[in-house]
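Me: I have a model open and want to go through a few parts of it. Can we start with one of the annotated positions?

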Amino acid sequence: MSNLKVTVVGAGVVGLSTACAFQRAFPNADLTVVAADIDSGIVSYVAAGYLSPTVAKMPTSDLAVLGKWTAASSEHYRAIATSADSDAAGVGISPLCELSDKPNAEEPFFAPYVFSCRRLTDEQLDYLLPNARSAGIATGFQAVTVYAQGSRYLPYLMHNLRSGGRVTVRREKLNSLAEAAHGGCHLLFNCTGLGASKLCSDPDVYPSRGQVVRVHAPMQKLALHGPGAFYVLPNRDDVVIGGTAGAGSFDLNVSETDTEDIMTRAYQILPALRTARILGAHVGLRPYRRGGSRLEVDRGLLDGLPVVHNYCHGANGVGLSWGSAVHAVELATEALRSGRPRM
Ligand SMILES: Cc1cc2nc3c(=O)[nH]c(=O)nc-3n(C[C@H](O)[C@H](O)[C@H](O)COP(=O)(O)OP(=O)(O)OC[C@H]3O[C@@H](n4cnc5c(N)ncnc54)[C@H](O)[C@@H]3O)c2cc1C
């Protein structure tokens, strides 16, 4: 029997996580990663990469599945953050205030899956953030969660992948998934984010434009995540301040007006940021899909070849990437068990 050959299309955080998770399960397989963009320039590099999925931004309405992804991701990042790899991987543990403009906000979805999460009393909210109420914040939860900074975490995944087994990486913009399978493979993972719209003719895929400002603010250790796409999220090398959410917009240009709005709101809630040096503004397109993320085996697309779709995790793709990758590999394992297609 020929050696197991598997192709992963996409080298964002979802594609690389899926490739790494597959390699762990099948260390002797021949893996090929094909992607148009392999380093910066993709949304996975723009994100602050916090694990804090909330009900408002669920990538799937199946809460059992989402819980499984959140738990697996949380444990994966915790293990890296508490190892000697933490610095190189840009993966850390961070205190986070989840803020709401609703007086009786429910406990966030992620609460059971992170190290701790408790409701702040009014006094505690005022103590930590004396300017929050005047900016419309009514309640908050204080949690301890994990994050992965894309500019370090993606090269870390790629390094692990290349040193973990037989891996070929090809930079190529595809017009169809069939092009990626060309040359033969037993299974293909489709992790192309917004690219899935064209590659598998998915009419439900759409972007949500997000702009952030990165600042140098080493004194800012507390992460804030609030309503209206407001957040201040410390990473390994800088602090990410956001943001915007423009459903349907493909505009990748930085808007000076957005930068001004983002910083004005941040200064209002955290005046300490006024002295922070602005390093730059960045725009990314979050991959969304009406009906939620797609994670399933599809045998109808490429003549019986199992295609495992794993795309469109919206505003939570970095945080949930490891959990969704493990799930995709479980589906792939079942598909391979039920018989390898002939090449
Ligand atoms: C401002 C902002 C802040 C965010 N903050 C967070 C956060 O704090 N936490 C969090 O979890 N998430 C966050 N996100 C969301 C997160 O960035 C995304 O969900 C995630 O990066 C998506 O990863 P992906 O691998 O699916 O897609 P991508 O990173 O877009 O990767 C897709 C890959 O597919 C390839 N591809 C696509 N089409 C083709 C083709 N035709 N041929 C070949 N290759 C192709 C691309 O080249 C690329 O390699 C944020 C997003 C934004 C914009």
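Me: Where is Thr 192 found?
Reply: Thr 192 is in the loop between strand S7 (187–190) and helix H8 (196–199). Helices (H or I, at least four residues) and strands (E, at least two) are DSSP runs, numbered from the N terminus. This is a predicted model, where local features need pLDDT of at least 70, side-chain atom pairs count only at pLDDT 80 or more, and totals for chains, interfaces and linings use all residues. Residues are numbered from 1 along each chain as its sequence is written.

Me: What does UniProt place at Thr 192?
Reply: The feature "binding site", from an unreviewed entry. UniProt positions are given in the numbering used here, feature names are shortened, and annotations may be inferred rather than shown by experiment.

Me: Is Thr 192 buried or exposed?
Reply: Thr 192 is buried, because 31 other C-beta atoms lie within 10 Å. A residue is buried if 20 or more other C-beta atoms lie within 10 Å of its own, exposed if 12 or fewer, and partly exposed in between, with C-beta atoms placed from the backbone.

Me: Which residues is Thr 192 in contact with?
Reply: Leaving aside neighbours within four places in sequence, Val 9, Gly 10, Leu 199 and Tyr 311. Two residues are in contact if their C-beta atoms, placed from the backbone, lie within 7 Å.

Me: Which other residues does the "binding site" annotation cover?
Reply: Tyr 231 and Arg 286, according to UniProt (unreviewed entry). Tyr 231 is in strand S10 (residues 231–234), and Arg 286 is in strand S13 (residues 277–289).

Me: Why does Arg 286 count as buried?
Reply: Because Arg 286 has 25 C-beta neighbours inside 10 Å. Tyr 231 is buried too, with 22 other C-beta atoms within 10 Å.

Me: And what does Arg 286 touch?
Reply: Not counting residues up to four places away in sequence, Arg 286 touches Val 43, Pro 207, Ser 208, Gly 210, Gly 314 and Ala 315. On that basis, Tyr 231 touches Leu 224, His 225, Gly 226, Gly 242 and Gly 243.

Me: New topic, helices. How are two packed helices described?
Reply: By the angle between their axes and the distance between the axes. Axes are lines fitted to C-alpha atoms, for helices over the stretch in contact, and angles run from 0 to 180 degrees between N-to-C directions.

Me: At what angle do H1 and H6 cross?
Reply: The axes of H1 and helix H6 (residues 150–164) cross at roughly 30° and come within 10 Å. H1 is therefore roughly parallel to H6. Angles under 35 degrees count as roughly parallel, over 145 as roughly antiparallel, 65 to 115 as roughly perpendicular and the rest as oblique.

Me: Which residue classes are in the contact of H1 with H6?
Reply: Eight nonpolar, five polar and no charged residues. Ala, Val, Leu, Ile, Met, Phe, Trp, Tyr, Cys and Pro count as nonpolar, Asp, Glu, Lys and Arg as charged, and the others, Gly among them, as polar.

Me: How do H1 and H10 cross?
Reply: The axes of helix H1 (residues 13–25) and helix H10 (residues 321–337) come within 8 Å and cross at roughly 50°. H1 and H10 are therefore oblique to each other.
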